[in-house]
Amino acid sequence: MIKHIALALTLAIAPLSSFAAQFVEGKHFTQVSNKAASTQPKLTEFYSFYCHNCYNMETQYLGDIKANLNKKVKFDSKHVDFMNSEIGTEVMRSLGVIQALDASQKDKLTLAMFAAIQGEEEAGSHDHAHDHSAHDKPELNNRDDIKKVFAAHGIDGKKYDQLADSKVVDSKLALWRVQQREFRIQSVPAFIVNDKYAINMGEIRSLGQLIDLINYLALDHKS
């Protein structure tokens, strides 16, 4: 069952220059791994197609976040496995397929998956508490249902199966599950910087502060 979303406040656009890099460990961010930080500065978003706030993050804020990251910071996204079920795995796998497709197809298929699972109105809801158990009759029940979503956007079933069952996608899902446990991901959307630091979204007061904190942790913070 999905946990309550940690995004306590609606993020508002604010000038990036208005925030000094005064961030406190244990308040604004937490170290979630004892391993060395990644060599490549990176931001990883963990999310779920079942999550209303993840949809809001995707459509309202993520574009600004990625556009204002330092050019040295790589962005990646991963799907959580809170359901631990056959359909949950297939939905996770669908993101792996999306990431294997051309860049021009990724955004529309990501939004299509949100809409297929949550419904057009549900996906756009600003409800901050969402529970997987509320989906007694989900729009997607198996891989065939997911393939119909992709087929509507030009990806035929044969190509979908080929990508979904590939070693590359299998490896992605295995890594996502390992990192979900390692980084103690309990709510989404969640941001992990350099495979080491988790952003405390409950302490974030604006989009500008969030971006400043990500860039600070990725490039300047020394543990």
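**Salt bridges and a helix pair**

Guide: Let's start with Asp 161 and Lys 147, whose side chains form a salt bridge at 2.8 Å, N to O. Keep in mind that this is a predicted model.

Visitor: What makes Asp 161 and Lys 147 a salt bridge?
Guide: The N to O distance is 2.8 Å, and the cut-off is a Lys or Arg side-chain nitrogen within 4 Å of an Asp or Glu carboxyl oxygen, so the pair qualifies. Asp 161 sits in helix 6 (residues 157-164) and Lys 147 in helix 5, so the bridge ties together parts 14 residues apart in sequence.

Visitor: Is Lys 147 buried or exposed, and how do you know?
Guide: Lys 147 has 17% relative accessibility; buried means under 20%, so Lys 147 counts as buried. Asp 161 comes out at 23%, so that one is partly exposed.

Visitor: What other salt bridge does Lys 147 form with Asp 144? How far apart are the atoms?
Guide: The closest N and O atoms of Asp 144 and Lys 147 are 4.0 Å apart, and the pair is counted as a salt bridge. Both residues lie in helix 5 (residues 143-151), three residues apart, about one turn of the helix. Asp 144 is at 48% relative accessibility, and exposed takes over 50%, so Asp 144 is called partly exposed.

Visitor: Which pair has Lys 35 in it?
Guide: Lys 35 meets Glu 182 in a salt bridge, 3.6 Å from N to O. That pair links distant parts of the chain, 147 residues apart: Lys 35 is in the loop between strand 1 (29-31) and strand 2 (42-47), Glu 182 in helix 7 (residues 167-182).

Visitor: Why is Lys 35 called exposed?
Guide: Because its relative accessibility is 53%, and exposed means over 50%. Glu 182, at 23%, is partly exposed.

Visitor: How many salt bridges are there by this rule?
Guide: Nine.

Visitor: Which residues of helix 2 and helix 5 meet?
Guide: From helix 2, Ile 87, Glu 90, Val 91, Arg 93, Ser 94, Val 97 and Ile 98 meet Arg 143, Ile 146 and Phe 150 of helix 5. By class, that contact has six nonpolar, one polar and three charged residues.

How values were computed
Residues numbered from 1 in each chain as written. Predicted model: local features only at pLDDT ≥ 70, side-chain atom pairs only at ≥ 80, totals over all residues. Heavy atoms only, no water. Helix = DSSP H or I, 4+ residues; strand = E, 2+ residues; numbered from the N terminus. Buried < 20%, exposed > 50% of the residue type's maximum accessible area, 1.4 Å probe, protein only. Contact = heavy atoms within 4.5 Å. Nonpolar A, V, L, I, M, F, W, Y, C, P; charged D, E, K, R; others polar.
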